[in-house]
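Subject: Structure for you to look at

Hello,

Here is the structure I said I would pass on. Please open it next to this message and follow along.

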Amino acid sequence: MKVLKENAALLSNHEVLKLLKEHQSDKKGSKSTQRLQNLATVSYETVAYLENTPCAQQTDQCVEEFLKEILNRSFRLTKAEKLQLINHRPTTFVEIQLLIEESEERLSEDDMQTILDIVQRTLPGTQRLQNLATVSYETVAYLENMPCAQQTDQCVEEFLKEILNTSFRLTKAEKLQLINHRPTTFVEIQLLIEESEERLSEDDMQTILDIVQRTLPGGQD
């Protein structure tokens, strides 16, 4: 996709995402400059955002089908309003009222239901977002019942600082396991640290438990 004339037309999120991905592909192997690096960062963050919106599931064909069906109705929507419908893929009357100006005066309930039906039929995207929202909610709910819910950057840094001052030679993964699970018994340490019986004495394990207890909140202390 090539931009022939700037600001000649409004672009949907789907078109922006497609354009950015093609731009990223074209720039691979190009000589890097600070300006290009900054542009690449903005481009990457924009793509990452758009890939979690309905446009990530849309194609040129489904957008064309949506516009064709909308044009066959008497809604008299502006170009900007059609873009809003494509970008946000509304599923309720309230969303339509937020996206279309003076919708209460311009559209009946039957009109709004027809728009929702057309959106549902022609524009994919909702199921993935619903799945993503469900996974996100369940992950947050799970983590909020873990020790990490009470931890801060400062306490994690203090834990790592104290561990580094010992001679335990723990791997990065093992340190992460200790932070994430916050062990309170020798058995838990043995489960989290490989070959702990050979690498750590009982005094070593007690020292680790003391450091965990002192620096990492999250248990029933």
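Helix α3, residues 60–71, has 12 residues, and from its first C-alpha to its last it reaches 16 Å, close to the 16 Å expected at 1.5 Å a residue. Keep in mind that this is a predicted model.

Which residues of α3 are buried? They are Cys62, Val63, Phe66, Glu69 and Ile70. Seen down the axis of α3, these buried residues fall within an arc of 130°, so they line one face of the helix. The face turned away from that buried side carries the exposed residues Gln61, Glu64, Lys68 and Leu71.

Glu69 has 15% relative accessibility, so it counts as buried, the cut-off being under 20%. Its side chain meets that of Arg121 in a salt bridge, at 2.5 Å from N to O. Since Glu69 lies in α3 and Arg121 in helix α7 (residues 109–122), the pair ties together parts that are 52 residues apart in sequence.

The whole structure has four salt bridges. Another one joins the side chains of Arg214 and Glu162, also with 2.5 Å from N to O. This pair links helix α13 (residues 202–215), which holds Arg214, to helix α9 (residues 153–164), which holds Glu162. Arg214 is exposed, at 53% relative accessible area.

Arg199 forms a salt bridge with Glu174, and their closest N and O atoms are 2.8 Å apart. Arg199 is in helix α12 and Glu174 in helix α10, so parts 25 residues apart in sequence are tied together. Arg199 counts as partly exposed at 31% relative accessibility, whereas Glu174 is buried at 6% relative accessible area.

Regards

Terms used. Residues numbered from 1 in each chain as written. Predicted model: local features only at pLDDT ≥ 70, side-chain atom pairs only at ≥ 80, totals over all residues. Heavy atoms only, no water. Helix = DSSP H or I, 4+ residues; strand = E, 2+ residues; numbered from the N terminus. Expected span 1.5 Å × (residues − 1). Buried < 20%, exposed > 50% of the residue type's maximum accessible area, 1.4 Å probe, protein only. Arc of directions from axis to C-beta.
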